[in-house]
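The points are grouped by topic.

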Amino acid sequence: MEQVRRQYENGKEERPLQGYLGALSVYGGVTGALALTGRLLGKRLPERFSFGDTALLSIATHKASRLIAKDAVTSPLRAPFTRYEEPAGDGELNESVRGHGVQHAVGELLTCPFCLAIWIATGLTAGMVFAPRITRLATTVLTSVAAADALQLGYDALKKASGETG
C-alpha cells in the first residue's frame, strides 16, 4: 500500500489513501447493515419516490451538508480534525484540515459539503424506508431552513441593491 500511495502522490502533497479507504469501508458497512436490517425487518423498498419526496430529500441533504461542513455552530464537531481559518460570511467558516491519515481523511469529509452529501442522502433515504413520517418531518425542517436562508440572502441583496443598511 505504501508504494501505491507514493506513486499516487507523484511527489506532491501527502494524500490519506488509507483514511479514505477506511471512510469507504465504514460507508459500505453502514449501507450493508441498513440493507440487512431492512431485509430482517421485512421492509420493502418503495417502487419509486415521489417528486415531492425527492425534492425534500435533495434540499434537506444540501442544507444538512452545509450545516455540518460549514456552520459556525457545528464547528465543535469538526474541531478535532480542522483548524479555524476565518469567517466565510453568513454564519459559515473556512477551516483547514489538519493531521495525517484517518484524521486528515475525516477532516476532509467533514469540511466538504459535496463529500458529506452522499452520507446524508443515504441516511435520509434509509429513513424514508424505515421511518418515513419522522424522516419527512426532519427533511421538511431542513428544507424550511434552506428556504429561509435563501430568503434572508435575497432580502439582504435587495437591501444592498437599494442602498439600505442594517
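In this predicted model, E95 is found in strand β2, which covers residues 92–97. The notes below begin with the surroundings of E95, then turn to helix α7, an aromatic pair and the loop residue E13.

- The side chain of E95 makes a polar contact with the side chain of R78, at 2.4 Å.
- Leaving aside residues up to four places away in sequence, E95 touches A69, S75, R78, T82, R83, Y84, E85 and T111.

**Helix α7**
- Helix α7 spans residues 132–162 and has 31 residues.
- From its first C-alpha to its last, α7 reaches 44 Å, close to the 45 Å expected at 1.5 Å a residue.
- The buried residues of α7 are T135, T139, L142, T143, A146 and K159.
- An α-helix has 3.6 residues a turn, so residues three or four places apart point the same way.
- The cover over the buried residues of α7 includes α3 (51–70) and α6 (113–130).
- Just after α7, G163 takes a positive phi of about 90°.

**The aromatic pair**
- A search of the whole structure finds one aromatic pair.
- The pair is formed by Y27 and W119, with 5.3 Å centre to centre and 70° between the planes.
- The arrangement is edge-to-face because the angle of 70° is over the cut-off of 60 degrees.
- Y27 lies in helix α2 and W119 in helix α6, 92 residues apart, and the pair links these distant parts of the chain.
- Y27 has a relative accessibility of 23% and counts as partly exposed.
- W119 also counts as partly exposed, with a relative accessibility of 28%.

**E13 in a loop**
- E13 is placed in the loop between α1 (2–9) and α2 (17–40).
- With a relative accessible area of 55%, E13 is exposed, because the value is over 50%.
- E13 and T143 are 130 residues apart along the chain, and their C-alpha atoms are separated by 38 Å.
- T143 is one of the buried residues of α7, whereas E13 is exposed.

Technical notes
Residues are numbered from 1 along each chain as its sequence is written. This is a predicted model: local features need pLDDT of at least 70, side-chain atom pairs count only at pLDDT 80 or more; totals for chains, interfaces and linings use all residues. Side-chain values use heavy atoms; hydrogens and water are left out. Helices (H or I, at least four residues) and strands (E, at least two) are DSSP runs, numbered from the N terminus. Buried means under 20% relative accessible area, exposed over 50%, partly exposed in between (1.4 Å probe, protein chains only). A polar contact is a pair of N or O atoms within 3.5 Å; within protein, one must be able to donate a hydrogen and the other to accept it, and residues adjacent in sequence count only if both atoms are side-chain atoms. Contact means heavy atoms within 4.5 Å. The expected span of a helix is 1.5 Å times one less than its number of residues. Rings of Phe, Tyr and Trp (its six-membered ring) pair if their centres lie within 6.5 Å; planes under 30 degrees apart count as stacked, over 60 as edge-to-face and the rest as tilted.
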